[in-house]
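Subject: Structure handover

Hello,

Here is the structure for your use. The notes on what was found in it follow below.

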Amino acid sequence: LFERVQQINSYKTDEEALYFILDMALEKVPADAGSILKADAGSGDLTFLVARGPKASDLLRSKIVVPAGQGIAGFCSSEGVSVAISDVQKDPRFYSGVGEKVDYETKSLACAPMMSHGRSFGCLQLLNRKAGASFLEHEIGILSYLSHQVALYMNNKE
């Protein structure tokens with residue numbers, strides 16, 4: 001994982017580099033779907049850059065904006081903490097607007113902020129763990145590591 005992630009800088013476009021990281025996350029952590037959201041530097045609002053899963057194309061086409069601090073993704077991005085939730089419906093931070101818009105039910109979620117040099121670039125999230133409801137501690141570690149690598153990549157691009 002540590003060696004493979006260095007390939008991020010070999011991709012010609014940001015989109016290819018981000019899909020490379022998202023695909024690696026989905027390879028290492030069994031989940032139905034995943035996405036990378038970018039935080040607007042001014043407002044903190046989140047937009048979807050890349051997505052995988054059964055509703056990925058609908059999600060990207062819909063141009064959904066998650067308001068700053070809203071939902072679990074907004075919480076992770078603004079607070080700089082990784083979160084794993086086995087039943088999102090019971091979490092008061094859960095923002096159902098995205099799933100409703102693309103007709104996708106989220107049951108479990110793991111989300112890690114993309115932080116570098118004290119700045120949040122957004123977050124990387126995985127939805128609906130395939131083998132059991134709970135994401136494991138080492139899986140959150142993998143997600144956190146990969147999200148940090150995306151933040152370093154984005155910081156270097158600016």
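**Helix H3 and its cover**

The buried residues of H3 are covered by elements that include S1, S2, S4, S5 and S6. Please bear in mind that this is a predicted model. The buried residues in question are Gly-71, Ile-72, Ala-73, Gly-74, Cys-76 and Ser-77. H3 spans residues 71-79 and lies across S1, S2, S4, S5 and S6, at about 30 degrees to S5. Just after H3, Gly-80 has a positive phi of about 75 degrees. Helix H5 (residues 137-157) also lies across S1, S2, S4, S5 and S6, and its angle to S5 is about 35 degrees.

**The sheet**

The six strands form an open sheet in the order S3-S2-S1-S6-S5-S4, and the pairing is antiparallel. Strands S3 (65-66) and S4 (83-85) are at the edges with a single partner strand each, so one side of each has no neighbour in the sheet.

Going through some of the pairs:

- S2 (residues 46-52) and S3 are antiparallel and share two bridges; Leu-46 has Val-66 in S3 as its bridge partner.
- S1 and S2 are antiparallel and are joined by six bridges; Gly-34 has Arg-52 in S2 as its bridge partner.
- S1 and S6 run antiparallel and are joined by seven bridges; Leu-37 has Cys-123 in S6 as its bridge partner.

S1 and S2 also make a hairpin, with six residues between them, and Gly-44 in its turn has a positive phi of about 85 degrees. As for burial, seven of the nine residues of S1 are buried, so S1 is largely enclosed by the rest of the structure.

In soluble globular proteins, nonpolar side chains tend to be buried together. Here the largest nonpolar core has 31 residues, and those with the most contacts inside it are Ile-21, Ile-36, Leu-124, Leu-126 and Leu-146. Helix H1 (14-28), S1, S5, S6 and H5 are the elements that give two or more residues to this core. A second, separate core has 23 residues, including Ala-51, Leu-59, Ile-64 and Val-83.

Apart from neighbours within four places in sequence, the residues in contact with Leu-124 include Ile-21, Leu-22 and Ala-25, then Ser-35 and Ile-36. Further along the sequence, the contacts of Leu-124 include Ala-110, Cys-111, Ala-112 and Met-114, as well as Leu-143, Leu-146 and Ser-147.

**The cavity**

How many cavities of 30 Å³ or more are there? The count comes to one. The largest cavity has a volume of about 340 Å³. It is lined by 27 residues, of which Phe-48, Val-98, Thr-106, Gln-125 and Leu-127 are the closest to its centre. The elements that give two or more residues to the lining are S1, S2, helix H2 (56-62), H3, helix H4 (97-102) and S6. S1 supplies the largest share of the lining, with four residues.

**Individual residues**

Asn-128 lies in strand S6 and is buried, with a relative accessible area of 7%. Not counting residues up to four places away in sequence, Asn-128 touches Pro-30, Ala-31, Asp-32, Tyr-104, Glu-105, Thr-106, Lys-107 and Ser-108.

Pro-92 is in the loop between S4 and H4. With 81% relative accessibility, Pro-92 counts as exposed. Pro-92 and Val-66 are 26 residues apart in sequence, and their C-alpha atoms are 16 Å apart in space.

- Asp-103 has a phi near 60 degrees. Asp-103 sits in the loop between H4 and S5 and is exposed, with a relative accessible area of 61%.
- His-117 has a phi of about 55 degrees. His-117 sits in the loop between S5 and S6 and counts as exposed at 68% relative accessibility.

Regards

Conventions: Residues numbered from 1 in each chain as written. Predicted model: local features only at pLDDT ≥ 70, side-chain atom pairs only at ≥ 80, totals over all residues. Heavy atoms only, no water. Pairing = 2+ DSSP bridges. Contact = heavy atoms within 4.5 Å. Axes fitted to C-alpha atoms, helices over the stretch in contact; angles between N-to-C directions. Core = buried A, V, L, I, M, F, W, Y, C linked by side-chain atoms within 4.5 Å. Buried < 20%, exposed > 50% of the residue type's maximum accessible area, 1.4 Å probe, protein only. 1 Å grid on protein atoms, 1.4 Å probe; cavity = no way out; pocket = protein on both sides within 12 Å on 5 of 7 lines; lining within 4 Å. Points joined across faces, edges and corners; volume = space filled by probe spheres on them.
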